[in-house]
Amino acid sequence: MAPGVRLIQKVSSTRTFARIAPHVIPAMDRTVHRLTRGKVLLSAQMLPGLILTVRGARSGQLRTTPLACMPTPEHGDGTWVLIGSNFGRTGHPAWTENLLAHPDDAVINWKGRDIAVRARLLEGAEREEVWRAALAFWPPYATYQARVEREIRLFRLERRATS
């Protein structure tokens, strides 16, 4: 474990972090990502991260969101898991609604490369297995889930062929 990770996990589990981080971290990530032409995503220095672009569920406009992700090499190169924790705040994050509405029309920027992906909401035994892996990957997810009544959505993103 990298130095400082336990401290970051402890801080990221607090309610204060849940109030502040959603306003600061994505804005910072978007700016640095744009300025470095997709080469740097600051939050990815702690957790793997990507930039998700998907059409808005209601507006139909493209929405771009920096997100932590869990690469899943055991399912082959080109799959990722997104955890809709919303930092343990009530309500599902908007990007999860967008993926539900447009699962076949998403693109991620992963390590500076744009990749067309298909999103699938995980359910049942598959969700439980991935949730256990997510908790091992980033233990604060347990605190986030305990804080909310909703079930945190998990999505698997798989590379799709582009025409």
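Guide: Two strands pair if DSSP finds at least two bridges between them; strands (E, at least two residues) and helices (H or I, at least four) are DSSP runs, numbered from the N terminus. In β7, Glu 158 is the bridge partner of Arg 118. This is a predicted model, where local features need pLDDT of at least 70, side-chain atom pairs count only at pLDDT 80 or more, and totals for chains, interfaces and linings use all residues. Residues are numbered from 1 along each chain as its sequence is written, and side-chain values use heavy atoms, with hydrogens and water left out.

Visitor: What makes β6 and β7 a pair?

Guide: Five bridges join β6 to β7, and the definition asks for at least two, so the strands pair. β6 and β7 run antiparallel. β4 and β7 are also antiparallel, joined by six bridges; in β7, Arg 156 is the bridge partner of Val 81.

Visitor: Why is β7 called largely enclosed?

Guide: Buried means under 20% relative accessible area, exposed over 50%, partly exposed in between (1.4 Å probe, protein chains only). Five of the seven residues of β7 are buried, so β7 is largely enclosed by the rest of the structure.

Visitor: Why are α4 and α5 called oblique?

Guide: Angles run from 0 to 180 degrees between N-to-C directions, with axes fitted to C-alpha atoms over the stretch in contact. Under 35 degrees counts as roughly parallel, over 145 as roughly antiparallel, 65 to 115 as roughly perpendicular and the rest as oblique. Helices α4 and α5 pack at about 120°, with their axes 7 Å apart; they are therefore oblique to each other.
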